[in-house]
Amino acid sequence: MISNKMQKLVKNNSVIREMFEEGKKLRKIYGDENVYDFSLGNPSVPAPKKVNESIIKIVENTDSCFLHGYMSNSGYEDVREKIANSINKKFSTNFSYLNIIMTVGAASGLNIVLKSILNPEDEVITIAPYFSEYNNYIENYDGIVKTIKSNESDFMPNLEELEKSINSKTKAVLINTPNNPTGVIYPLDIIEKIAEIMNKKEKEYNHEIYLISDEPYRELAYENIEVPYITKYYKNTFIVYSYSKSLSLPGERIGYVVVPSEMVNSSEMIDAITIANRIIGCVNAPSLMQRVIAECLDEKVDIEAYEKNRNLLYEIVTSSGFECVKPQGAFYLFVKSPIEDDKEFCRIAKKYNLLFVSASSFAYPGYVRIAYCVSHDMIERSREAFKKLGKEFINN
Ligand SMILES: Cc1ncc(COP(=O)(O)O)c(C=O)c1O
């Protein structure tokens, strides 16, 4: 018999996966060309050529016992050193390999951070709308999710609410910028204000309150908008990074966590994170991928393709009569549902073979998420469907 915790999860199986299955069904009936599936966050631009070239080079030139063997639970030292140097060069930080722990993507990065800091009933503040897996990750370690809302006008965190929500049980605040699902990027003044509030609250409650910065979309920022490097503004910060989107490698499961030396009891925390990596069953990040990443630190995916998609989809969506903040990063548009019930809006959109994700699954009802990590051609082909959907609500 499955556990009580899992029974609940099986029952509420992810809406996004359901949409994926729905897309498959519709494609069978109407054909690939006539279904506009905007539901999944799977990168649509290929990994840089150098990734595959590096795989071949590494496999051909490295002793296979060494290449495929276990290593330290925190990853290869030389790979971590290269990553630390690359971050230092970009953001004027001062990390060494010790501050970097290689992970199985951001998902496991978040899990090992939460495993390392949470006691049962500790609270973690999330800022809605947010990636719904956070609930599962926090509950994995018997933490409690406490959610505040971002402002509807610009999707920046409501700082007054943040200040009010932090109490003696608060262990961490979890942020994600560039954001899934809104695409907004927190500017420096917002980061500084969050840091100011958290510093004040740490003093008031006399314990560490960690800022966990979930950054799988860091490199997907358009028009050269700066994404501040948060360890520079708040010492008790964890950076959770991933190559899933920055190098289009989501299936390869590779990323890292940064624990800065300025964090209180940093070396003890690094040990905890390393052990957590082992005992949640990851053991270590994939060996070959660590070596590949070390060769590809200066590589980029075609961000312009996403930006082109953003511009086209934003134009189609807004000219069809829908409201939406223009995203600055990631690959999602967060669109206001023209009716209160966003799930019903998704059902109606399906009549036109348009698949969106209801924002109830991001703890922000009244909106839908439209992912534009799809082909440019599909966005163009979806124009008429959006127009018809818009007419159904807006012009009547
Ligand atoms: C906000 C956010 N955090 C974390 C993840 C997990 O990413 P990874 O593939 O690196 O585990 C995702 C994946 O879509 C995401 O959108």
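**Figure 1. A cluster of phenylalanine rings in a predicted model.** This close-up comes from a predicted model. Six residues, Phe-38, Phe-322, Phe-345, Phe-356, Phe-386 and Phe-393, are linked into a cluster by ring pairs. Across the whole structure, a search turns up 24 aromatic pairs.

**Figure 2. Phe-331 and its ring partners.** When you look at two aromatic rings, you describe the pair by how far apart the centres are and by the angle of the planes. Start with Tyr-306 and Phe-331: their centres are 5.1 Å apart, and with 55° between the planes the pair is tilted.

Figure 3. Which residues come closest to the ligand? Out of 14 surrounding residues, the closest are Ala-106, Asp-214, Ser-242, Ser-244 and Arg-253. Look for the ligand's oxygen atoms: one is 2.7 Å from a polar backbone atom of Ala-106, and one is 2.9 Å from a polar backbone atom of Ala-107. With Arg-253 it's the side chain that takes part, with an N or O atom 2.7 Å from a ligand oxygen. On its own the ligand has 400 Å² of accessible area, and the protein covers 91% of that.

**Figure 4. Where the ligand's shell comes from.** Helix H6 (105-117) and helix H10 (243-246) each supply at least two residues of the shell. H6 gives the largest share, three residues. Sort the shell by residue kind and you get six nonpolar, five polar and three charged.

**Figure 5. Two cis peptide bonds.** As a rule, most peptide bonds are trans. Here, though, Ala-128 and Pro-129 are joined by a cis bond, with omega at about 0°. Pro-129 is in the loop between strand E3 (123-128) and helix H7 (133-140). Another cis bond joins Thr-177 and Pro-178, with omega at about -10°. You'll find Pro-178 in the loop between strand E5 (170-176) and helix H9 (188-205).

Figure 6. Most residues other than glycine have a negative phi. Asp-142 isn't a glycine, yet its phi is positive, at about 60°. Its place is the loop between H7 and strand E4 (144-149). Ala-330 also has a positive phi, near 55°, and lies in the loop between H13 and E9. Ala-330 comes in at 0%, so it counts as buried.

Figure 7. A disulfide is a covalent bond that joins the sulfur atoms of two cysteines. Cys-324 has a relative accessibility of 16%, so it counts as buried. Cys-282, at 22%, is partly exposed.

How values were computed: Residues numbered from 1 in each chain as written. Predicted model: local features only at pLDDT ≥ 70, side-chain atom pairs only at ≥ 80, totals over all residues. Heavy atoms only, no water. Buried < 20%, exposed > 50% of the residue type's maximum accessible area, 1.4 Å probe, protein only. Near = heavy atom within 4 Å. Polar contact = N/O pair within 3.5 Å; in protein donor to acceptor, adjacent residues only side chain to side chain. Areas by Shrake-Rupley, 256 points an atom, 1.4 Å probe, with all protein chains shown as cover. Helix = DSSP H or I, 4+ residues; strand = E, 2+ residues; numbered from the N terminus. Nonpolar A, V, L, I, M, F, W, Y, C, P; charged D, E, K, R; others polar. Phe/Tyr/Trp six-rings, centres within 6.5 Å; stacked < 30°, edge-to-face > 60°.
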